[in-house]
Amino acid sequence: MIGLLIFISIEPAGALKSHLTLMDKSVYRKQVGSVMEAMQESHIEDTVLFDICQDINPTYFVKEAAELALQKKINALVTAPLSKPLISESGLNVVGHTGLFRMLVPNKSLFMAFLGVEFNVVLATDHIPLGSVANSISPEKIIECILESNRLRQQLSPDLINRPLGLLGLNPHAGDSGLIGTEESRFFNAIVSECRSMGIPIEGPLVPDVAFQKHNWTRYSLFISLYHDQGLIPFKMIHGQDSGVHVTLGLPFLRTSVDHGTAKDIFNQNKAKPDSMREALEWALKHC
């Protein structure tokens, strides 16, 4: 039960005033100098959005908020998209939000999950070159991903909780009995058996090029994909910008985000869709 609910937004100092004016039509916005100042003023009874403007690389907004979450000073973190070049310019030597979180919690295995109206996807590996995927997959890592996916399954809607996880194969035709790659025959089948012995409902390895056919959307609670594009091409083809929440699994705090990038090509054109951000906020409110 939430005893106190406050919203804090952090934005670059150069944010357009027209955007802030639009915001002011919907909420009471109070500018403060820091997250801690916002928390100290949280006694304000009106529904208020505490607004922080800082003239630093936005990657540090995320870093500061994550550190506060690790200290249990905030309950949930909802992030907007940041471009990979912008993160690189921060000097933190990480790739993406997930890379930043891995830097902050190096003892945790983190996985990217994407929740959509039609189906859900978890990535066993994420922002690594395709040529590195096979060497990055081990039985231990896949089992960790399955365990985190199973915890997520138990938070899904009642009609999904009792559906199995679907583990995709790595190779075309899921290896075709070792004729097109051997990962599936060497350890995927054993992983599925081990996880079933732990009471985890799971099927696989599924043939990747047919796993996402429409009749399978209602068969599995979520799909576990072995690499970034294997899971996100079908997810984004189906959901587009109309649905999708990105959840980081394995963190000691709740973090959600949108399932898309910065879309700089439509900046200030009133074309961006807020659906994914709205869903990310709603998931955070429901589960924090």
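This is a short tour of the structure, stop by stop, with something to select at each one.

The model is predicted, so local features need pLDDT of at least 70, side-chain atom pairs count only at pLDDT 80 or more, and totals for chains, interfaces and linings use all residues. Residues are numbered from 1 along each chain as its sequence is written, and side-chain values use heavy atoms, leaving out hydrogens and water.

**Stop 1**

Start by selecting residues 7–12, 28–32 and 48–54. Helices (H or I, at least four residues) and strands (E, at least two) are DSSP runs, numbered from the N terminus. You are looking at an open sheet of three strands in the order 1-3-2, with parallel pairing; two strands pair if DSSP finds at least two bridges between them. Strand 1 and strand 2 are the edge strands, each pairing on one side only. On average, neighbouring strands here are turned by 30 degrees against each other, direction ignored.

Now zoom in on strand 2 and strand 3, which are joined by five bridges. Q31 stands opposite D51 in strand 3.

Axes are lines fitted to C-alpha atoms, for helices over the stretch in contact (heavy atoms within 4.5 Å), and angles run from 0 to 180 degrees between N-to-C directions.

**Stop 2: strand 6 and its partners**

Select residues 111–115 and 120–123. Strand 5 and strand 6 run antiparallel, joined by four bridges, and form a hairpin with four residues between them. L115 stands opposite N120. Then bring in strand 9 (residues 222–225), which pairs with strand 6 in the parallel sense over three bridges; here V121 stands opposite F223.

Which way do the residues of strand 6 point? N120 and V122 point one way, V121 and L123 the other way, and all are buried (under 20% relative accessible area, with exposed over 50% and partly exposed in between, using a 1.4 Å probe and protein chains only).

**Stop 3: K236**

Go to K236 in helix 12 (residues 228–239). Not counting residues up to four places away in sequence, K236 touches D259 and H260.

**Last stop: L285**

Finish at L285, in helix 13 (residues 275–287). L285 is partly exposed, with a relative accessible area of 37%.
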